[in-house]
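Subject: Structure handover

Hello,

Here is the structure you asked for. My notes on it follow below.

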Amino acid sequence: MTKVRICDYGAGNTRSVEVAFRRLGVDVAVTSDAASVLEADLAVLPGVGSAGSAMDELRSNGLDGALRERVHAGQATLGICLGLQLALEESEEDGGVEGLGIVPGRAYRIHAARVPRIGWARVDPGGAAYYFAHSFAADTTAATAHSEGIVAEARHGSFLGVQFHPEKSGPAGARYLERCLSPA
């Protein structure tokens, strides 16, 4: 059975991510134990919150090093929303925050008529609609999909990051998470 470990660093969506994976029938747990994250088939860096406090918690638990080690070793790692932004080299949130440096680029505050950007939007290529809720977005050369001009997905090595919330995106989100469980 596939072992999924969700990094617990105080993010607001860990429970919904856990439930979404549980529905897929995998061995899933929320943990702040770096060794457990390293041993997982898939590690998930969820995220609803602010970059500064999130990075502080990741560092205090040693999860920052475990995530870097996983990606360096080619182990599958998924970042969701803030999880994608934290994987970048830096974020302008909270006055500037050094990220994990797993993915090249930086997170910037969205400049739009409506911030935060909340709601369903199509992701291209593919055209599936997913649920978004964010005020910051990724600026990265690792982008593989966009939504309304904003990076919706980025891939760099064994890291896959999404700006949308697959755990809140109904059947399309469940299919997306299921694909994350299959080797590429």
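**Notes on the model**

Ser-91 stands opposite Ala-107 in strand S7. This is a predicted model, in which local features need pLDDT of at least 70 and side-chain atom pairs count only at pLDDT 80 or more, while totals for chains, interfaces and linings use all residues. Residues are numbered from 1 along each chain as its sequence is written, and side-chain values use heavy atoms, with hydrogens and water left out.

**Sheets**

Helices (H or I, at least four residues) and strands (E, at least two) are DSSP runs, numbered from the N terminus. Two strands pair if DSSP finds at least two bridges between them.

The pair Ser-91 and Ala-107 belongs with strand S5 (residues 88–91) and strand S7 (residues 103–109), which are parallel and share three bridges. Both strands sit in an open sheet of four strands, ordered S6-S5-S7-S10, with mixed pairing. At its edges are strand S6 (97–98) and strand S10 (136–139), each pairing on one side only.

A further open sheet has seven strands in the order S2-S1-S3-S4-S13-S12-S11, again with mixed pairing. Strand S2 (27–31) and strand S11 (143–147) have a single partner strand each, so one side of each has no neighbour in the sheet. From one strand to the next the twist averages 15°; for this and other angles, axes are lines fitted to C-alpha atoms (for helices over the stretch in contact), and angles run from 0 to 180 degrees between N-to-C directions. Strand S4 (residues 77–80) and strand S13 (residues 159–162) pair in the parallel sense through four bridges, and Ile-80 stands opposite Val-162 in S13.

**Helices against the sheet**

Helix H4 (residues 63–72) lies across strand S1 (3–7), S2, strand S3 (42–45), S4, strand S12 (150–156) and S13, at about 135° to S3.

Helix H1 (residues 14–23) has as its buried residues Thr-14, Ser-16, Val-17, Glu-18, Ala-20 and Phe-21. Buried means under 20% relative accessible area, exposed over 50%, and partly exposed in between (1.4 Å probe, protein chains only). The cover over the buried residues of H1 includes S1, S2, S3, S4 and H6, where contact means heavy atoms within 4.5 Å. Gly-25, which follows H1, has a positive phi near 80°.

S8 and S9 run antiparallel and are joined by six bridges; Arg-122 has Ala-129 in S9 as its bridge partner. Six residues lie between the strands of this hairpin, and Gly-126 in the turn has a positive phi of about 110°.

The whole structure holds five aromatic pairs. Rings of Phe, Tyr and Trp (its six-membered ring) pair if their centres lie within 6.5 Å; planes under 30 degrees apart count as stacked, over 60 as edge-to-face and the rest as tilted. Trp-120 and Tyr-131 have ring centres 6.0 Å apart and planes at 65°, so this pair is edge-to-face. Trp-120 is exposed at 52% relative accessibility, and Tyr-131 is partly exposed at 23%. Tyr-130 and Tyr-176 are also an edge-to-face pair, 5.9 Å centre to centre with 80° between the planes. Tyr-130 is in strand S9 and Tyr-176 in helix H6 (residues 170–181), 46 residues apart, and both are buried.

Tyr-130, Phe-132, Phe-164 and Tyr-176 form one aromatic cluster.

Regards
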